[in-house]
Amino acid sequence: MWVLLRSGYPLRILLPLRGAWMSRRGLPRSLTPVPARRRYRKEALPALEVPVLPVTATEIRQYLRAHGIPFQDGYSCLRAPSPFVEASKFKDHSGAATSFSLFIDKTTGRFLCMTSLSEGSWEDFQASVEGRGDGAREAVLLGEGSGAEDTEEVWRIWDRAVPLWELPEPEEAQLARLMFGLTKVTDDTLKRFSVRYLRPARSLVFPWFSPGGLGLRGLKLLGAEGQGDGVHYVETTIPRPGAYHNLFGLPLISRRDVEVVLTSRELDSLALNQSTGLPTLALPRGAACLPPALLPYLEQFRRVVLWLGDDLRSWEAAKLFARKLNPKRCSLVRPGDRQPSPLEALNQGLSLSRILRTALPAWHKSIVSFRQLREEVLGELSNVEQVAGVRWSRFPDLNRLLKGHRKGELTVFTGPTGSGKTTFISEYALDLCTQGVNTLWGSFEISNVRLARVMLTQFAVGRLEEQLDKYDEWADRFEDLPLYFMTFHGQQNIKTVIDTMQHAVYVYDICHVVIDNLQFMMGHEQLSTDRIAAQDYIVGAFRKFATDSSCHVTLVIHPRKEDDDKELQTASIFGSAKASQEADNVLILQDRKLVTGPGKRYLQVSKNRFDGDVGVFPLEFNKSSLTFSIPPKSKARLKKIKDDNGLVAKKPSSGKRGAMPQISETCSNQAPKPYQPDLSKPSR
């Protein structure tokens, strides 16, 4: 009968098996994976009552020297003679050191013996060296000679799979090559890497051999599914992904090889090896992660080239993996139109050797050259609108000045007390959130319930108190927005806030964080210290977070106390000049107090690091919708404010600093002129 086989990935494989015995995970009971590598018996080690402290490379070296164990310093591991082999413990009869087959990770202290395939933690190694536990080295190893890698389910699938060139029907072989893009990969390459095809599941089968090719330890099955006009590939592994540590192509590596190319897919390794003849290895989980257990197998290479794919995610993963492998020996192939994935490059007739020669060295993160930046510069020049960021839909004048909302920037927003800073910034953030910008709100001054009520009113563009029957409809739509709130209120410690923001970026992919406001969130411990210095420290922390996390931070800061007849300036921001210096953008909500009527508000962009455009444009508050972008419907109100504005513009003398330039209520195609304060009097 046909049964459905599932593993770590949702690949469906139909296999003709006898009987209907299925386990709880969906695998036949006889196909339940068994760990392939021998491990320690935990009862042979002393129980630890306290958490294990991390070990450093210096401590590992000191321990080895103290116990007379010779070692060699590698790229990411220390090499030492293995105490888990049958030979003399550390020296042979002539006094020479035995083969350095034990690899100890410099970062974690975990070890792997290449000869016996024994592995364990740093505490396990110490217990073995010091003779703790049952005192017998032979009793520490688990399952010697058990042949766990030759499990029934692996061999069952492997025996049913056949080479592509042995398929009875040529049409079937040609269809399989088309599905997986193997039209230019030769049979000799597939044979050299022992790739087979499982006909019932229409999947390629990649084997996991023990070092030296002595035994079959696991399999990866790659299935192809039609998805629109393209093909979607789905993987499944036996054993499960957490225990599948196969560097595909490792049996073909010679001890004399000093250079290797790492790929994220087995198909890419086939194309690279066939086209260039270089040693290639495919990572078991692609660009998702590089398990530290694989680092010992890569120690012999003096140069490692990472060519993981053709997208931004692969590029970021390559830079991260280079840190584990030691960036001094790593080079990275940058994705581009003429540098796709290796298999795609082969199918397009591109020279893979030429692409490898363009690989960039993974130098120190603080030192780069223009050669490493030129492609990114070209990308920014070719995609000006995308680089400018997300544009506001409610504030077109803000788009003309700031051009858009960009990741990794810090925006400082200020305005007089009672001018509507929170109300404006909530609509400012809501506008971006409705366009898919994941937003995190940190409201330390007002409660989240009150803030959510304001934003819901702005979202519905009207007061829901008068139409409660529509509340559920608008609330359901508002709930679908990628909007989150911190639960802090009042004074908070900056470290706690930053940790929360980092967690939100990791879990919810937050792109915009709003902090309202800086003074209100300063912790109690700051009361006994210099508040100016404390504020500078907090501003620096937010600046670092924005840059490191590639997340935009909007920081609301109260201004200094100014006279009512004076306009705010960048120097009016409370504290030292650090806030305006660190900020990429500075926005000021100007609230002109009128004698004959209510105040007139303007938004001034006084700093724009992106392209330097600054200016000012009018805002008009709509009390019914709590918005600054939706003008009131009454034409008389509009006319009255325009008339009042005209009178006020003529009232101040030319030498008075409070004079505001007359601005038309309608937006023209030309950018407004920036507000130029009168410098005849010294600023405060």
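This is a predicted model: local features need pLDDT of at least 70, side-chain atom pairs count only at pLDDT 80 or more; totals for chains, interfaces and linings use all residues.
1. Residues are numbered from 1 along each chain as its sequence is written, and side-chain values use heavy atoms, with hydrogens and water left out.

2. Next, the overall make-up. The chain has 20 helices and 24 strands; these are DSSP runs numbered from the N terminus, with helices being H or I of at least four residues and strands E of at least two. Of its 684 residues, 49% are buried. Here buried means under 20% relative accessible area, exposed means over 50%, and partly exposed is in between, using a 1.4 Å probe and protein chains only. Accessible areas come from the Shrake-Rupley method with a 1.4 Å probe, and for residues only the protein chains shown count as cover.

3. Now to the interior. A nonpolar core is a set of buried Ala, Val, Leu, Ile, Met, Phe, Trp, Tyr and Cys residues joined through side-chain atoms within 4.5 Å. The largest one here has 36 residues, and L398, F413, F424, W441, F478, L603 and L619 have the most contacts inside it. At least two core residues come from each of α12 (396–402), α13 (421–433), α14 (448–460), α15 (471–479), β22 (585–592), β23 (600–608) and β24 (615–619). Helix α13 gives the most, with 7 residues.

4. Leaving aside residues up to four places away in sequence, L603 touches L398, F413, F424, L587, I588, L589, G615, V616, F617 and L619. There is also a second, separate core of 34 residues, which includes L204, A224, W307 and A345.

5. One sheet deserves a slow look. Two strands pair if DSSP finds at least two bridges between them. This open sheet of 5 strands runs in the order β13-β12-β14-β15-β16, with mixed pairing. β13 and β16 (360–361) stand at the edges with a single partner strand each, so one side of each has no neighbour in the sheet.

6. Within that sheet, β12 (residues 259–263) is mostly covered, with 4 of its 5 residues buried. β12 pairs in the parallel sense with β14 (residues 303–306) over 4 bridges, and L262 has L306 as its bridge partner there. β12 also pairs in the parallel sense with β13 (residues 280–282), over 3 bridges; in that pairing, T263 has A282 as its partner. By contrast in direction, β15 (residues 330–332) and β16 run antiparallel and are joined by 2 bridges, with L332 partnered by L360.

7. Helix α2 (residues 122–129) is largely enclosed by the rest of the structure, because 7 of its 8 residues are buried. Those buried residues are W122, D124, F125, Q126, A127, S128 and V129. Their cover includes α1 (57–66), β5, β6 (111–113) and β7 (119–120). After α2 comes G131, with a positive phi near 75°.

8. Finally, the surface. F370, L373, V377 and L381 form a nonpolar patch with about 380 Å² of accessible area together. Patches are made of residues with over 30% relative accessible area and no salt bridge, joining like charges within 9 Å and nonpolar side chains (Val, Leu, Ile, Met, Phe, Trp, Tyr) within 5 Å; a salt bridge is a side-chain nitrogen of Lys or Arg within 4 Å of a carboxyl oxygen of Asp or Glu. F370 lies in helix α10 (residues 370–382) and is exposed, at a relative accessible area of 53%.

How values were computed
Contact means heavy atoms within 4.5 Å.
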